[in-house]
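Have a look at the sequence and the model below.

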Amino acid sequence: MTLRSRIIGIGSFLPEHISTNDDMAKIVDTSDEWIVERTGIRVRHFADENMSSSVMATKAAQQALANAGLTGDDLDLIVLATVSPDKTFPATAVYVQAALGMKRGCAFDVVAACSGFLYALRMADNMIRLGQVKTALVVGVETLSKITDFKDRNTCVLFGDGAGCVVLRAEEGKGTPADRGVLDTLIYSDGSYAPDLCSTGGPSTNHEVGYITMNGREVFRHAAVNMAEVSQEILDKNGVALADVDWLVPHQANIRILEATAKRLGIPMEKVISTVDLHANTSAASIPLALAEGVKSGKLKEGQLLLLPGMGAGFTWGASLIRL
Ligand code: ACO
């Protein structure tokens, strides 16, 4: 008998305000043509002044809980991934815990940038497998617009805000890839690449929140390679053939990274869930947002096998194999 983390609810939230590429061209020297050609991004959602990450995460969580037929009371654990927390401390997860009326268990944040959802999923899945918790909420949320330098055209056109989450529940499986739930998750990091994508600030360095700064070419060089390699590794480790994967649901960095990852891996773009045109890069929120969109559109169906690779600042990267 193997304990599996089965996904029993999915939720998402995107702030109302939409900014088009033409809107971005009014702020910095850029164009719709440049952004679409280099990134595939057409629009992004931006949170307004009063909308924090915990507010967005709570809205997504309420949807996922309703979806699962549960309330906050039923949760034993919240793991929340973000690089745009409400405050330096406490964890954004505890604000979500309070807003959901969850009075027990524990709630904490993980910081792994665009791989954050995979890191959070791994933590929650581990605790479920060990029998430490039965029901967990795993959230990816970002208000990247609040840490974006809107004078820097190299970065400001790339990012958006949003929240996505899943509710996991412990279920007995046979320990084979036919089980439903999270089959496996691999996570990695290499801190020597931290300067290539980071915030310009931090409480223990310059006391500032800082803005996103990025060496775009270096990120691009590693992203597709790392995501394709870790995808193949998790398939091999679990004895699953690429042909058995129904959908690739990758971190939505930009369309060229998605295409390069799919090509390296050998999976056709028809099997890739892509939301980058409508959401831009929402870092930790992008994979659960893509999951939610995939389910809403009717593409992702129960019983299907999903491969979720991600890569982000750190550098961090990883992949999860999930049977829906
Ligand atoms: N509009 C117009 N021109 C721009 C813009 C913009 N928004 N941004 C940069 N440029 C200019 C540059 O200044 C440069 O001009 P120059 O030649 O006069 O110096 C020119 O465009 C070409 O710049 P390149 O860096 O060669 O452009 P490139 O084809 O590499 O595309 C991009 C840049 C899109 C950032 C690319 O490097 C990329 O996709 N990198 C990955 C970054 C990414 O996705 N980061 C997300 C976070 S990490 C993650 O999620 C995995």
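E293 counts as partly exposed, at 25% relative accessibility, while K296 is exposed at 56% (buried means under 20% relative accessible area, exposed over 50%, partly exposed in between, with a 1.4 Å probe and protein chains only). Both residues lie in helix α10 (residues 286-296), 3 residues apart, about one turn of the helix. Helices (H or I, at least four residues) and strands (E, at least two) are DSSP runs, numbered from the N terminus.

This is a predicted model, in which local features need pLDDT of at least 70 and side-chain atom pairs count only at pLDDT 80 or more, while totals for chains, interfaces and linings use all residues. Residues are numbered from 1 along each chain as its sequence is written, and side-chain values use heavy atoms, leaving out hydrogens and water.

The structure holds 10 salt bridges (a side-chain nitrogen of Lys or Arg within 4 Å of a carboxyl oxygen of Asp or Glu), including these:

| Pair | N to O distance |
|---|---|
| E293 and K296 | 3.7 Å |
| D29 and R153 | 3.7 Å |
| D184 and K237 | 2.6 Å |

D184 in strand β8 and K237 in helix α7 (residues 216-237) are 53 residues apart, so this pair links distant parts of the chain. D184 is buried at 10% relative accessibility, whereas K237 is exposed at 53%.

Strand β8 also belongs to an open sheet of 4 strands, ordered β8-β13-β12-β11 with mixed pairing (two strands pair if DSSP finds at least two bridges between them). β8 (181-189) and β11 (247-248) are at the edges with a single partner strand each, so one side of each has no neighbour in the sheet. β8 pairs with β13 (residues 316-323) in the antiparallel sense over 8 bridges.
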